[in-house]
Protein chains: 2
Amino acid sequence: MHIKDMSRETSLSLLGHMRLGHIACTRGLQPYVTPFSFAYHDGYLYSFGTVGKKIDWMRANPLVSVEVEHIVSVDEWQTVVVAGHFEELDDSPATSEVRAVAHDLLAVNADWWQPGYVKTLSSSQERPLSPVYFRIAIDEISGHEGVAD
Amino acid sequence: MHIKDMSRETSLSLLGHMRLGHIACTRGLQPYVTPFSFAYHDGYLYSFGTVGKKIDWMRANPLVSVEVEHIVSVDEWQTVVVAGHFEELDDSPATSEVRAVAHDLLAVNADWWQPGYVKTLSSSQERPLSPVYFRIAIDEISGHEGVAD
């Protein structure tokens, strides 16, 4: 196997085809990475979640990193890493159009791995279920792929 | 589907069965997340890589987050998140035993997705290939699983 850089276009195309990635945020010196589901559209990754660690941290520091991968086999895979920033899509009139875009995008395949919808039953406290819509603006993107020799 | 907390024991057991995860590190306010392969042993995740962004950042700030997941289907999955810190296993006599442990652990399944071994051919510069061995000490661990209703 060797590893090739992917073009920006190919990297964005992978984002357009995938729905599950990993998002990292930072508080102080401590990073935190967790799976998240998203839908790519026109330079942004749209997503939502319930208020919790990830949303709290991104509200305080909007800089994030997102990784998305597509693994076919040991020597055939693609991975894309984005540096971006969090933009919350609140209920204000100014963001109503963008919220509608997010809602429509996320309604497609909404059954796929959406813990944002689901209450944690075994904890002593149930999470509030009002969703927070947000998007990640892509500031930098890079991609690499493994190619069988 | 509902989501359950996983016990510490079950979470560590998942780490013991998986070889591929995602590691996030931080420089200033900016996080960076990337795939990494590892082998779990006795409270540590062993890994290696070549000098580059990830190693550089962890040398400057050892606090990391690691996520490992096992997805069977939309409503049957497990994910573990670790807060930990980077410990480089250099060539000194003090770490020679631990390096040997790391080497033996990582030699098992060494064919599986190990970009640390592989030169990036399409870049103008080839990466130096001397591997940096390291381990992540687990400071906190939590796990969640999706269970079909």
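Leaving aside its neighbours within four places in sequence, which residues is Val64(A) in contact with? The notes below come back to this in point 6.

1. **What you are looking at.** This is a predicted model, in which local features need pLDDT of at least 70, side-chain atom pairs count only at pLDDT 80 or more, and totals for chains, interfaces and linings use all residues. Residues are numbered from 1 along each chain as its sequence is written, while chains are lettered from A and ligands numbered from 1 in the order in which they are written.

2. **Confidence.** The average pLDDT of chain A (the predictor's confidence in each residue, from 0 to 100) is 86, and 85% of the residues reach at least 70. For the model, ipTM and pTM are each given as 0.88. A friendly caution: where pLDDT is low, the predicted coordinates should not be read in detail.

3. **Layout.** Chain A has three helices and eight strands, taken as DSSP runs numbered from the N terminus (helices: H or I, at least four residues; strands: E, at least two). Along the sequence the order is β-α-β-β-β-β-α-β-β-α-β.

4. **Strand E2(A).** Six of the eight residues in E2(A) are buried, meaning that 20 or more other C-beta atoms lie within 10 Å of a residue's own, with C-beta atoms placed from the backbone. E2(A) runs antiparallel to E3(A), joined by eight bridges; strands count as paired if DSSP finds at least two bridges between them. Thr26(A) has Pro31(A) of E3(A) as its bridge partner. Two residues lie between these strands in their hairpin, where Gly28(A) has a positive phi near 60°.

5. **Helix H2(A).** Which residues of this helix are buried? In residues 53-60 of chain A, they are Lys54(A), Trp57(A) and Met58(A). Down the axis of H2(A), the buried residues fall within an arc of 95° (taken from the directions from the helix axis to the C-beta atoms), so they line one face of the helix. Their cover includes strands E2, E3, E5, E6 and E7 of chain A.

6. **Val64(A), as promised.** Its contacts (C-beta atoms, placed from the backbone, within 7 Å) beyond those sequence neighbours are Ile23(A), Ala24(A), Cys25(A), Met58(A), Gly84(A), His85(A), Phe86(A), Ile136(A) and Pro31(B).

Terms used. Buried ≥ 20, exposed ≤ 12 C-beta atoms within 10 Å, placed from the backbone. Contact = placed C-beta atoms within 7 Å.
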